[in-house]
Amino acid sequence: PNFGDAALNNAFVNLKAVLVLYNDANQLPTNQQKQYDAEMAKVKTQLDTIQPIMLKAVDLNPTSESALTNLKAYYLVKNDMADANATQKKIDALPKK
C-alpha cells in the first residue's frame with residue numbers, strides 16, 4: 001500500500017508473525033537443535049520476504065517512531081547490529097513529543 005498508515009500496519013502485522021516464529025524457536029529445548037535450525041531457517045526466509053514492507057513503511061512514514069522501532073526490531077532479529085544502531089540514532093533524533 002502507498003498510504004502511510006496502511007504500510008505501517010502491514011509492516012507491524014508481518015513483523016509480529018516473524019517474531020512469533022523467532023520466539024517459538026528460541027523456546028525450544030537445546031536437545032531439539034534440528035527443529036531449532038529448521039525454525040530459524042523459516043525466520044530468515046520470512047525476514048527476507050518482509051524487508052521491502054518494513055522499508056516502505058519507513059519511506060512513507062520517515063518520522064514515525066513506530067515505523068522506525070519496527071524496522072529496528074527487524075534488524076535485531078536479523079542480527080544486523082549496524083543497521084539497528086543506525087535506526088536507533090534516527091529514533092533518538094526525532095523531535096520529543
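Residues are numbered from 1 along each chain as its sequence is written. In this predicted model, local features need pLDDT of at least 70 and side-chain atom pairs count only at pLDDT 80 or more, whereas totals for chains, interfaces and linings use all residues, and side-chain values use heavy atoms, with hydrogens and water left out.

**Exercise 1.** Determine whether Thr-87 is buried or exposed, and state which residues Thr-87 touches.

*Solution.* Begin with the location: Thr-87 belongs to helix H4, residues 81–93, where a helix is a DSSP run of H or I with at least four residues, numbered from the N terminus. Next, take the relative accessibility of 4%, which means that Thr-87 counts as buried (under 20% relative accessible area, with a 1.4 Å probe and protein chains only). Then list the contacts (heavy atoms within 4.5 Å): leaving aside residues up to four places away in sequence, Thr-87 touches Leu-68, Leu-71, Lys-72 and Tyr-75. Finally, a polar atom of the Thr-87 side chain lies 2.8 Å from the backbone oxygen of Asp-83.

**Exercise 2.** Describe how H3 and H4 pack.

*Solution.* Start from the geometry: H3 and H4 pack at an angle of about 165°, with their axes 8 Å apart (axes are lines fitted to C-alpha atoms over the stretch in contact, and angles run from 0 to 180 degrees between N-to-C directions). H3 is therefore roughly antiparallel to H4 (an angle over 145 degrees). To close, identify the residues that meet, which include Leu-68 and Leu-71 in H3 and Ala-84 and Thr-87 in H4.

Terms used: Helix = DSSP H or I, 4+ residues; strand = E, 2+ residues; numbered from the N terminus. Buried < 20%, exposed > 50% of the residue type's maximum accessible area, 1.4 Å probe, protein only. Polar contact = N/O pair within 3.5 Å; in protein donor to acceptor, adjacent residues only side chain to side chain. Parallel < 35°, antiparallel > 145°, perpendicular 65-115°, else oblique.
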